[in-house]
Structures are given as structure tokens and as C-alpha cells.
Amino acid sequence: MDSPATPAAAAAPLSDSQQRHLLHKLDLFRLQGRDRRGRAVLRVVGKFFPARWVSVEALTKHLAEGVFPKLEDRKFAVVYVHSGVRRSENCPGISALRSVYEAIPAGVKRNLEAVYFVHPGLQARLFLATFGRLLFAGGLYEKIKYVNRVEFLWEEVRRNEVELPEFAYDIDDEMERRPVMADYGSESDHLRLPHGAPFMDPAAVSCYSMRCIA
């Protein structure tokens, strides 16, 4: 089931409590089911993120109070659904993404063992291949496994335990109608930078926009 839409317009910025209520209402983060290795699954739907309305502070508070406490004592995997993400609607800035990652408690980071990245798209893959290790310390980049179709996700996750929004299945249907679209199944081997590629300063990376991965 798809989430309710974010507000079409607002006369004034949302308060901190309103932002957190919106995050809860949109069901951006949901802990449900297990993967094939028995690990808990945290489902994250990128399209549900109200980037225009929510600050980094409100997002980190929401995670700290409603999500992280449930993950500190258990091994888990993330199913990140990138389907339908649009540049101007649901992409936070890179500096925001990095701030949220740095706010994750050490115990939660240790327990995160896999990230299933559904419908990544070529631009997202190129972006992460270029900047992934700079943005995510502690080996998170190596835990990302690209899943180009929902049908391949069920090779990794228990299908009857994890609910995905309908628009994710619509992307798969579009791939069936357009066989020329790239279809690689599930992959853990990442794109690599060519030998001798120039080093990018992590401080400089923060000035980029997440628009490049939509």
C-alpha cells in the first residue's frame, strides 16, 4: 500500500513536533519481517521521505526515539526502496545524509549486516561507487547489495513478511514491457573507480546534491 502524500503547500515551516508526526504518518521506516538469514528487516521507502518539509534534526530525533532503540540488540538488514524517488521531492542533501549516518549509535551500526538497495538506477550506482566510501565510514558501502527487480529481492528476504508499496511492483512491470532496460538481478560487487582516479576530499563531497542519484 502506498503512503499518504506529503502536504502540497504550507503557509509556514512545520514545527519540530509536526515534522516528526509527519515522518511517523508517512511510514518511512518500518521494522518488519526477516531476511533469508533470519535477520530483522528495516524497510525504508525513499519516495516517502518529505525532503521539503523535514529537517535533519527532526529526522535524527525520529530515528533516535522510534527506530534505533529497536535495533540495538539485534542483527538486522535494511531494505531500501529507491523506486520512484524524484530529485526535487524526496532527496536530502549529501550533508544531511552524512549527518544522519553519523548520528546512528555505534551498537546499531555494528548490528547492520546488509543493505538491499531496490531499483538503484545507474546514476545511483555511479554516485555510490564514487562517493560511497567517503560518505559511509565503518564498511557500510561494502554491505550494499543492489537489487534491480523486486522479484530478486525475495531471494534475499522472506516475501510473506515484508510489504512493499505498489509503485515498486509497477517499476518491475515497466521492465517487463521494456526489455532493453538494464536487468542484473542481485549484485554485491560494486562499480569500481579506475586505477589512478583522483581522490575526492570528503569535505568537498558535502557540497554536492543528492539529486545526482535519483
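## Terms and model

Buried means under 20% relative accessible area, exposed means over 50%, and partly exposed lies in between (1.4 Å probe, protein chains only). By that rule His119 is buried, with a relative accessible area of 7%.

This is a predicted model, in which local features need pLDDT of at least 70, side-chain atom pairs count only at pLDDT 80 or more, and totals for chains, interfaces and linings use all residues. Residues are numbered from 1 along each chain as its sequence is written, and side-chain values use heavy atoms, with hydrogens and water left out.

## Overall layout

The protein chain has eight helices and six strands. Helices (H or I, at least four residues) and strands (E, at least two) are DSSP runs, numbered from the N terminus. Along the sequence the pattern reads α-β-β-α-β-α-α-β-α-β-α-α-β-α.

Of the 214 residues in the protein chain, 43% are buried. A contact means heavy atoms within 4.5 Å. Take the contacts between residues at least 6 apart in sequence: 81% of them join residues at least 24 apart.

## Confidence

The pLDDT is the predictor's confidence in each residue, from 0 to 100. The protein chain averages 78, and 73% of the residues score at least 70. Among its elements, strand S3 (residues 76–81) has the highest mean pLDDT, 96. Helix H8 (residues 202–205) has the lowest, 39.

Over residues 188–212 the pLDDT is below 50. The model gives this stretch 40 contacts beyond near neighbours in sequence. Residues 181–186 also stay under 50. They have 16 contacts beyond four places in sequence.

## Nonpolar core

A nonpolar core is a set of buried Ala, Val, Leu, Ile, Met, Phe, Trp, Tyr and Cys residues joined through side-chain atoms within 4.5 Å. The largest one here has 58 residues. Val79 and Leu153 have the most contacts inside it. In soluble globular proteins, nonpolar side chains tend to be buried together.

Leu153 touches Val79, Tyr116, Val118, Val147 and Leu164, leaving aside residues up to four places away in sequence.

## Helix H1 and the residue after it

Helix H1 spans residues 16–26, and its buried residues are Gln19, Leu22, Leu23 and Leu26. Seen down the axis of H1, they fall within an arc of 100°, so they line one face of the helix. The arc is that of the directions from the helix axis to the C-beta atoms. These buried residues pack against helix H2 (56–66). The face turned away from the buried side carries exposed Ser17, His21, His24 and Lys25.

Asp27 follows H1. It sits in the loop between H1 and strand S1 (29–34). At 22% relative accessibility, Asp27 counts as partly exposed.

## Two further loop residues

His119 lies in the loop between strand S4 (112–118) and helix H5 (121–135). This residue has a positive phi of about 55° although it is not a glycine.

Glu156 lies in the loop between helix H6 (150–153) and helix H7 (166–177). At 15% relative accessibility, Glu156 counts as buried. Its side chain makes a polar contact with the side chain of Lys145 (2.5 Å). A polar contact is a pair of N or O atoms within 3.5 Å; within protein, one must be able to donate a hydrogen and the other to accept it, and residues adjacent in sequence count only if both atoms are side-chain atoms.

## Aromatic pairs

Three aromatic pairs are found in the whole structure. Rings of Phe, Tyr and Trp (its six-membered ring) pair if their centres lie within 6.5 Å; planes under 30 degrees apart count as stacked, over 60 as edge-to-face and the rest as tilted. Phe48 and Phe167 form an edge-to-face pair, at 5.9 Å centre to centre with 80° between the planes. The pair links distant parts of the chain, 119 residues apart. Phe48 is in the loop between strand S2 (40–45) and H2, and Phe167 is in helix H7. Both Phe48 and Phe167 are buried.

Tyr80 and Phe117 form an edge-to-face pair, at 5.0 Å centre to centre with 80° between the planes. Tyr80 is in strand S3 and Phe117 is in strand S4, 37 residues apart. Phe117 is buried, with a relative accessible area of 6%. Ring pairs link Tyr80, Phe117 and Tyr146 into a cluster.
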